[in-house]
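Q: I'm new to this one. Can you take me through it in short answers?

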Amino acid sequence: HYAQALHHAHDAPLQTQAELNEIWSYEAGLSMAIDNDVLSARKRAVLLWQQLKDAKRVGFNLCWLSRLHWYLGERAQSINYGSQAIEVLESIPPCAELAMAYSVRSQIHMLNSNYEPALVWGEKALQMALSHNATEARIHALNNLGSTLLMSGRPGGESLLEESLTLAKAGAFHEQAARAYTNL
């Protein structure tokens with residue numbers, strides 16, 4: 001349905017077009033059908049939000065491009081988009097989107113077995129998430145921190161993953177719950 005709406009959205013207001021590109025890309029990406037269409041939809045969302053001068057949404061979509069490129073095994077693009085997201089989001093007052101961008105940076109380090117930077121960025125993300133009541137970013141950061149501790153043979157990782165899972169289930173953050181189950 002989102003694909004059909006997106007196909008007919010060329011005359012819709014820019015915000016509607018941007019939102020449809022985001023939503024469709026998210027749903028298609030969850031099915032692990034990450035292809036050029038999914039990436040293009042996120043890139044269109046970035047351009048539309050730039051036109052609308054909404055830095056939070058620009059950063060949010062750049063962060064997603066970082067994640068999508070990581071899933072595709074495109075490390076350099078993932079790091080590039082993650083850096084762009086942080087740069088855009090650090091240019092505005094601190095927000096939940098910046099907490100998530102920091103957490104995605106932590107995730108990329110964790111997945112590359114760069115444990116010290118993963119912990120630094122994860123802690124930075126967690127503190128920002130707590131101070132901005134950003135529940136999903138908090139869950140994501142706890143998952144990264146817990147996974148990093150477990151993978152590096154340090155204590156405390158399992159309890160952080162359990163906390164991440166509990167919060168994800170309580171808040172119906174299904175994708176984050178799946179990450180916690182996977183990493184546990």
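A: One term to begin with: buried means under 20% relative accessible area, exposed over 50%, and partly exposed in between (1.4 Å probe, protein chains only). At 25% relative accessibility, Y26 counts as partly exposed.

Q: What kind of model is this?
A: The model is predicted: local features need pLDDT of at least 70, side-chain atom pairs count only at pLDDT 80 or more, and totals for chains, interfaces and linings use all residues. Residues are numbered from 1 along each chain as its sequence is written, and side-chain values use heavy atoms, with hydrogens and water left out.

Q: How many aromatic pairs does a search of the whole structure find?
A: Two. Rings of Phe, Tyr and Trp (its six-membered ring) pair if their centres lie within 6.5 Å; planes under 30 degrees apart are stacked, over 60 edge-to-face, and the rest tilted.

Q: What does Y26 form with W64?
A: An edge-to-face pair, 5.4 Å centre to centre with 85° between the planes. Y26 is in helix 2 (residues 14-30) and W64 in helix 4 (residues 55-71), 38 residues apart, and the pair links distant parts of the chain. Helices here are DSSP runs (H or I, at least four residues), numbered from the N terminus.

Q: Is W64 buried or exposed?
A: W64 is buried, with a relative accessible area of 11%.

Q: And the pair of Y102 and W121, why is it tilted?
A: Because the planes are at 55°, with the ring centres 5.3 Å apart. Y102 lies in helix 6 (residues 96-111) and W121 in helix 7 (residues 115-131), so this pair ties together parts 19 residues apart in sequence. Y102 is buried at 4% relative accessible area, and W121 counts as buried at 18%.

Q: Which charged end sits over the ring of W121?
A: That of R105, 4.8 Å from the ring centre. The rule is NZ of Lys or CZ of Arg within 6 Å of the ring centre and within 35 degrees of the ring normal. R67 lies over the face of W64, at 4.4 Å from the ring centre.

Q: New topic. Which residues of helix 9 are buried?
A: G157, L161, S164, L165 and A168. Seen down the axis of helix 9, they fall within an arc of 95°, taken from the directions from the helix axis to the C-beta atoms, so they line one face of the helix.

Q: What is on the face turned away from the buried side of helix 9?
A: The exposed residues T166 and A170.

Q: What follows helix 9?
A: A172, whose phi is positive, near 60°.

Definitions and conventions
Helices (H or I, at least four residues) and strands (E, at least two) are DSSP runs, numbered from the N terminus.
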